[in-house]
Amino acid sequence: MTTACPEPTRERTHEVFPVPALVVMACTGFIVIMTETLPAGLLPQLAAGLDVSEGGAGSS
């Protein structure tokens, strides 16, 4: 008579999706991109306020 050993049960570990970390990364990326592109979009207004050309306002 042979006895069969029961196969070990494998428990699935459900990893939690890192939603808070992803939200922080998305917000950081948005803020970095906005701080880089916002001054370029405001160059005409900056140049008018400083009474210089747009090239002069962009180089300062």
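**Reading the helices and the surface**

Guide: Helix H1 makes the greatest contribution to the nonpolar patch, with four residues. This is a predicted model, in which local features need pLDDT of at least 70 and side-chain atom pairs count only at pLDDT 80 or more, while totals for chains, interfaces and linings use all residues. Residues are numbered from 1 along each chain as its sequence is written, and side-chain values use heavy atoms, with hydrogens and water left out.

Visitor: Which residues make the nonpolar surface patch?

Guide: Like charges are joined within 9 Å, and nonpolar side chains (Val, Leu, Ile, Met, Phe, Trp, Tyr) within 5 Å. Here Phe 30, Ile 31, Met 34, Leu 38, Leu 42, Leu 46, Leu 50 and Val 52 form a patch of about 740 Å², by the Shrake-Rupley method with a 1.4 Å probe, where for residues only the protein chains shown count as cover. At least two of its residues come from each of H1 and helix H2 (43-50).

Visitor: What secondary structure does the chain have?

Guide: Helices (H or I, at least four residues) and strands (E, at least two) are DSSP runs, numbered from the N terminus. The chain has three helices and zero strands. Its radius of gyration, taken over C-alpha atoms, is 29 Å, well over the 10 Å from the globule rule (2.2 Å times the number of residues to the power 0.38) for 60 residues, so the chain is more spread out than a compact globule. Along the principal axes, the C-alpha atoms fill a box of roughly 100 × 15 × 15 Å.

Visitor: Where does H1 have a kink?

Guide: A bend at a residue is the angle between axes fitted to the seven residues ending there and the seven starting there. In H1, a kink of about 25 degrees lies at Thr 35, shortly before Pro 39.

Visitor: What is the phi of Asp 51?

Guide: The phi of Asp 51 is near 55 degrees, a positive value in a residue other than glycine. Asp 51 sits in the loop between H2 and helix H3 (54-59), and it counts as exposed at 70% relative accessibility.

Definitions and conventions
Patches are made of residues with over 30% relative accessible area and no salt bridge: like charges are joined within 9 Å, nonpolar side chains (Val, Leu, Ile, Met, Phe, Trp, Tyr) within 5 Å. A salt bridge is a side-chain nitrogen of Lys or Arg within 4 Å of a carboxyl oxygen of Asp or Glu. Buried means under 20% relative accessible area, exposed over 50%, partly exposed in between (1.4 Å probe, protein chains only).
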